[in-house]
Amino acid sequence: MALTQVSSNKCAGGFQKVFEHDSTELKCKMKFAVYLPPKAETDKCPVMYWLSGLTCTEQNFITKAGSQLAAAEHGIIVVAPDTSPRGCNIEGEDESWDFGTGASFFVDATQEPWSTNYRMYSYVTEELPRVINANFPTNPDRMSICGHSMGGHGALVCALKNPGKYKAVSAFAPICNPMQCPWGQKAFSGYLGPDRSTWEAYDATVLVASYSGPQLDIFIDQGRDDQFLSSSQLLPDNLIAICSEKKIPVIFRLQPGYDHSYYFICSFMNDHIKHHAKYLNA
Amino acid sequence: MNYPVSVPMDLYEIIGGRLDVIEEEAEHQELSRESTTRKACEDSLTSPTEAEDGHDMSTECEIVMTRNLLQEKVAEMENFASHLEEIFLTVEENFGRQEQHLEQHYNDVLQTLSHQYDDRAAGLEEEKKSKLEALYTQLLTCGRALDASKDLIEMAQEIYRSQDKRLFLKAVMPTIKRIEDFAKEETELSLSTSLEFNTPLADLSDVKTMMDTINVVPAPSAPVINPQMPNSATQTSLRVCWSLFSDDTVEYYELYYRPLLEDTPADSSSELHVSKVKVKETHCTVTATNTTGISPASEKALYMTVPSPPVIKQRECTSCPEAALIRWQSGNTNPVDSYTVELSEMDTDGTESGITESIVAVPACQCLIQLQTGRRYLISVRAVNIGGSSNRSEVITVSTTGTFFYLLEDTAHPCLSISEDGFTIFYGDEELPITAMALDDNTFTRCVAVLGDLIPVRSRHYWEVKVDDETEFRIGVAYQATERNSYLGANNTSWCMRHILTPSRHKYEFLHNGWSPDLRITVNPVRIGVALDYSRGTLSFFNVDLEQHLHTFHCHFQNYVHPCFGLDNPGALTVHNRIEAPKYAFI
């Protein structure tokens, strides 16, 4: 459980740090970024977990999303893990950008050769919170989750599969219905096998239909000029339709002119931090 | 037109110099009585020590009693003596005054007699002179007649003696004619002045009157009426004060007052008596009367009763956690110099705490009052003029929990009706005839909408709106001057959330200047929280049931805004006020 500090930079009155540790769940060294707001010097703070999208590491979010000022203002620790195990020497792990390294889809793989290391769902929901709560001044009862694209899918799935565990959830351009899109179908068949019924456990649109638990308040931003929206990788309408039917509260904002990039994310980051702060600091 | 009132009367009080004197005397009496009782006390304190000496008790008792009796007598005597002394002084003073008065009076009488003597002496002299003048004139006339006859006689003799017959004949006829003429002239030979000497009787009646009134006090001089004292009136009574000259003796005063009427007074006196109750401004004059007579009237002075209590316009009062805006009507035509707003905080158990704060000299019929958050206040208003302050108006309760406002009903579109409590608006199905569309400048003419009367305080405000799932509505804020012929949200002076029913779904827009972000809401809000933060320049909307944030406008409102509520199809919505803003409303 020993942490190695990789970097530490003062930021927005607090510190943006990166650590490395040996993950028991993933059986490899993993890096994660943690932003400690000024409030963390004296108080226990709630934690927001951020899951990045395809091909990203822990660096993309902390260098591009501009979350630190808002996190400092609301006194929130922001944790951003890497998006997959790395250097596990699995055959084919680096062959494509949308499968293997940087493309874990935040599932626990059941298929060889991925099932040993590709257990990102358990890592994100169990091991990482344990590590964070053990090493930082957190309030373990107050955590929330947010993500972008594949990470948005991961965030929604984590929240829907663990009612009450996350006080808030939000997403930027999430893959809402992976069973119905090319990215999801490729990843799920690789990690989970051909039986589509096993995929349902990791599909937000399916999960939301049977959700039962504390009231959710899902907040989603989507760029209207997002190429992956038009190529039907994200399918937010499917999620909205189910949520409307099942009376699951969603605010979905279609932002005209914005694409899928971190330029889009940083434009609305403050609104998301505020959304999380409302529930984390309630 | 003047109505005398015999004093004393309940409504009028007299403060005069005489009363002061009497008061002084009363004080003297008390002082002397005090000193005697004090002596008695000292003596009774010494007696117990004497009793211990072993004297025969009964004798001692007797002695003590006798002594006490004597002491009492002495005290009485002293008392009586001091009374006598006072009476002596008063008698002396009164006699002094009386003597002065007598002397004055006799001087007056002597002066009058001397005047009369002078007058009569002068009259006699006059008479003598005129009589002598008349006699002398008559004498002269007789002399002249005598001379004339002598001349004639001489002339006749001369003619008679004349030798020349021709001359005689020539002169005799004219001379005879002259003698005839002369004989015709009659000389007044009666005495032109009367021989009687008339002595008219001396008219001593005024002297007699003077002598009769020699023991009577003079009629008083005109009292001096004082200008109205501050706080000396009530709503139905006045305290009119005047003073008199110290030498005057007055049996009673008469107070005359003439109401100042704003409208033309009716002629009949009975009607005027009725209006006396209503009239609040009056001219007062006073006369003083004693047995001798009535004084001239004092100068006129303007007096007024206090105003009627103002009437708080409950429906135009508005509040927020930091302040309240109270509006009222003067409630009377009486002159009002200013208003006093009184407020006291209500304790948690609903009783009025003793602490009352007053805001004085409020010149207009409204007042913005700074208050503490989360309390309840009792607020009332008084009107003030020179006469004093009115009774307090009806008390209203102001709660500083949340923001409170009523709707500005004069802005409502003719198709909107508003419930009796003022918080639910209805847009009915029936078409209004064009005649019912009597519009004034303030009325919404296109958008079926109404404004709320938000307190002009640049702080945080929160209210909620309850709507039906099927109601198409617009709710938000707008500047007071927002275009009345435009739709809410369609211009740059209004910001609103709009609900549209499409055949496929519920659509929500957050409109300003005709533009809305593209937004999907999966659960239709039916209770909407609206949070306005002037300092941060935000207007946020929430689904209250879910505590879900829906949208936030960012705008630094240059002017004060009012809540606005519109209905785009027949239906209803209800405004909920005085709600403490939830924590999430102002993150």
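**Exercise 1. Describe the lining of the largest cavity in this predicted model.**

Step 1. List the residues. B:Glu342, B:Leu343, B:Ser344, B:Glu352, B:Thr356, B:Leu378, B:Ser380, B:Arg392 and B:Val395 form the lining.

Step 2. Assign the elements. Two or more lining residues come from each of β10 (338–346), β11 (352–362) and β13 (376–385) of chain B. β10(B) gives the most, with three residues.

Step 3. Sort by class. The lining holds three nonpolar, three polar and three charged residues.

Step 4. The largest cavity has about 60 Å³ of space. The whole structure has two cavities of 30 Å³ or more.

**Exercise 2. Locate the largest pocket and state which elements line it.**

Step 1. Start with the volume, about 760 Å³.

Step 2. Find the centre. Of 36 lining residues, A:Asp271, A:Lys274, B:His549, B:Thr552 and B:His554 lie nearest to it.

Step 3. Chain A supplies at least two residues from each of α2 (68–74), β9 (250–255) and α10 (262–280). α10(A) gives the most, with six residues.

Step 4. Sort by class. The count is 17 nonpolar, eleven polar and eight charged residues.

**Exercise 3. Explain why B:Val91 is classed as partly exposed, and place it in its surface patch.**

Step 1. B:Val91 sits in helix α2 (residues 57–161) of chain B.

Step 2. Check the accessible area. B:Val91 has a relative accessible area of 38%, so it is partly exposed.

Definitions and conventions:
Residues numbered from 1 in each chain as written. Chains lettered and ligands numbered in written order. Predicted model: local features only at pLDDT ≥ 70, side-chain atom pairs only at ≥ 80, totals over all residues. Heavy atoms only, no water. 1 Å grid on protein atoms, 1.4 Å probe; cavity = no way out; pocket = protein on both sides within 12 Å on 5 of 7 lines; lining within 4 Å. Points joined across faces, edges and corners; volume = space filled by probe spheres on them. Helix = DSSP H or I, 4+ residues; strand = E, 2+ residues; numbered from the N terminus. Nonpolar A, V, L, I, M, F, W, Y, C, P; charged D, E, K, R; others polar. Patch = residues over 30% accessible without salt bridge, like charges linked within 9 Å, V, L, I, M, F, W, Y side chains within 5 Å. Areas by Shrake-Rupley, 256 points an atom, 1.4 Å probe, with all protein chains shown as cover. Salt bridge = Lys/Arg side-chain N within 4 Å of Asp/Glu carboxyl O. Buried < 20%, exposed > 50% of the residue type's maximum accessible area, 1.4 Å probe, protein only.
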